[in-house]
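Please work through the two exercises below with the sequence and the model open beside you, and try each task before reading its solution.

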Amino acid sequence: MKNAGTIVIVVVVGFVAFFGFPFYYNIGKANEAPKLKFDTPAILEWEKVNGKKECVEPKEFMRGEHMQMLNQWRDSVVRNADRVYVNSQGRSFTMSFQNTCMNCHSNKKDFCDKCHNYLGVKPYCWGCHIAPKEKQS
Amino acid sequence: MKILLPLFAVVALVVIAFVGVQANLQAFFGIVIPYAAVAIFIIGFIVRVFRWGSSPVPFRIPTTAGQMKSFAPWIKQNKIDNPSSRLGVFARMALEVLVFRSLFRNTKTELHDGPKLVYGSEKFLWLAGLAFHWSFLIIFVRHFRFFMQDVPTVIQIMESLDSFLQIGAPLLYLTDVVLVGAVTFLFLRRVVMPQIKFISLPADYFPLFLILGIALSGILMRYFTKVHIVGVKELVMGLLSFSPVIPAGIGSVFYIHLFLVSALLIYFPLSKLMHMGGVFLSPTRNMANNSREVRHINPWNYPVHVHTYQEYEDEFREKMKKAGLPVEKE
Ligand code: HEM
């Protein structure tokens, strides 16, 4: 009993089914990175006062570290009652999830969710913290 | 030397990728190498399996752990360990692949005072092997979030189950801990036990170090030195749609991770890792023991011309009668 032919067919079908899955799953879907919007009233207000759009820390840092930062803010507020965050430029912010982050990023659907949905991340925060009313100009 | 050589090989791979990224060779490490690696993996895999499949399988191997099917109705057949039907074979193979049943029967041999030879049960290899393979598979499937435009719900459910302890931010994945723990155990097993150390070769250590390197670089970029993950997904989607792009500012740890994964894909069909395909071709696992029901003809038998007794008698009947020999037909 030689069955090289059958076995190779099975292997090829297996490969096509499993590794090919991303290919046919993606067919017809545009390869587009999320476009984030920084045009909420609070950010525009900040721009008027400070001359440029800025986050708490530089953009590159925020991209990777925002979850760790939120975690530190939470620990600092809930455990040490310390609500003041001094950033790398020496500017102070009130450590508050809803009143600081979500005040500027009041367009959760066009900002946080855009990125998270693209990568399948589902932060569990919104079960307790209230999402901002969508605001953008 | 048997251990240091493969260790240096993996370190060299890391250094090559790191230096390459510093020298702005992102397109080489992010596009050329991954494409080549996947092609080598798929073609190499098929060639290896084809060669195995082309070897003739002369007979059934009934030496399996269970009662064979008998004509006597009061002797109970062990339908999974000694199957006589395709369904039984499927069940045996599925259990072997999914829970490593034959490794569960692993024993260790010890010489006690007396002198007395003792065979004991040895489950740690099975446990670590199972933990390693399953967490690898789960991590691999979880990675599909980088490979699909909208992440399917199944994968999101896997992510939330895998991180259900909700430790830290980003959430700690249990499979990351299990994978590193299991690979470390499998490595220490080869170093600590003298008999195992004696029979271990560089080809045994290399995949362990390589997989450990992949896992550690992945963990490094998830929890410690962050990479630009949106950029990673753009790169991967570019590769999949055959219009590759190199987004700026991804970070060198990602290219190291990707290069080690490519090395694993290239190494795969050349090495013992082919047991992934080979397990399905194990003769003691994939054949029904139906030697008494079905006639199996040895595939390399020459066609033998058979001269039956009837033909012999037809040919020599007259001579036999003359010599007084008995014949069946008059
Ligand atoms: C043999 C296959 C692979 C293995 C075993 C592996 C292993 C890992 C591990 C253990 C992690 C830690 C975080 C987690 O568990 O999700 C990780 C993260 C990561 N891997 Fe892989 N990986 C593999 C292939 C790939 C490929 C092909 C890519 C992309 C082309 C990739 C990109 C990444 C990225 C971007 C991260 C960071 C994820 C994050 O920050 O959440 N990996 N990998």
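Six donors count as octahedral if opposite donors are over 155 degrees apart and all others between 65 and 115, where donors are N, O and S atoms within 2.8 Å of the metal (3.2 Å for Na, K and Ca) and water is not among the atoms. This is a predicted model, in which local features need pLDDT of at least 70, side-chain atom pairs count only at pLDDT 80 or more, and totals for chains, interfaces and linings use all residues. Residues are numbered from 1 along each chain as its sequence is written, chains are lettered from A, and side-chain values use heavy atoms.

**Exercise 1.** Determine which residues coordinate the iron atom of the ligand.

Step 1: B:His143 and B:His257 each coordinate the iron atom through NE2, at 2.0 Å. Step 2: the angles among the 6 donor atoms run from 84 to 179°, and the site is octahedral. Step 3: B:His143 lies in the loop between α5 and α6 of chain B and B:His257 in helix α11 (helices being DSSP runs of H or I, at least four residues), so the pair ties together parts 114 residues apart in sequence.

**Exercise 2.** Describe the interface of chain B and chain A.

Step 1: 44 residues of chain B are in contact (heavy atoms within 4.5 Å) with 36 residues of chain A. Step 2: about 3,500 Å² is buried between the chains, with 67% from carbon and sulfur atoms; this is the accessible area (1.4 Å probe) lost on being put together, summed over both.

Terms used: Tetrahedral: all angles 85-135°; square planar, octahedral: opposite > 155°, others 65-115°. Helix = DSSP H or I, 4+ residues; strand = E, 2+ residues; numbered from the N terminus. Buried area = accessible area lost by both parts, 1.4 Å probe.
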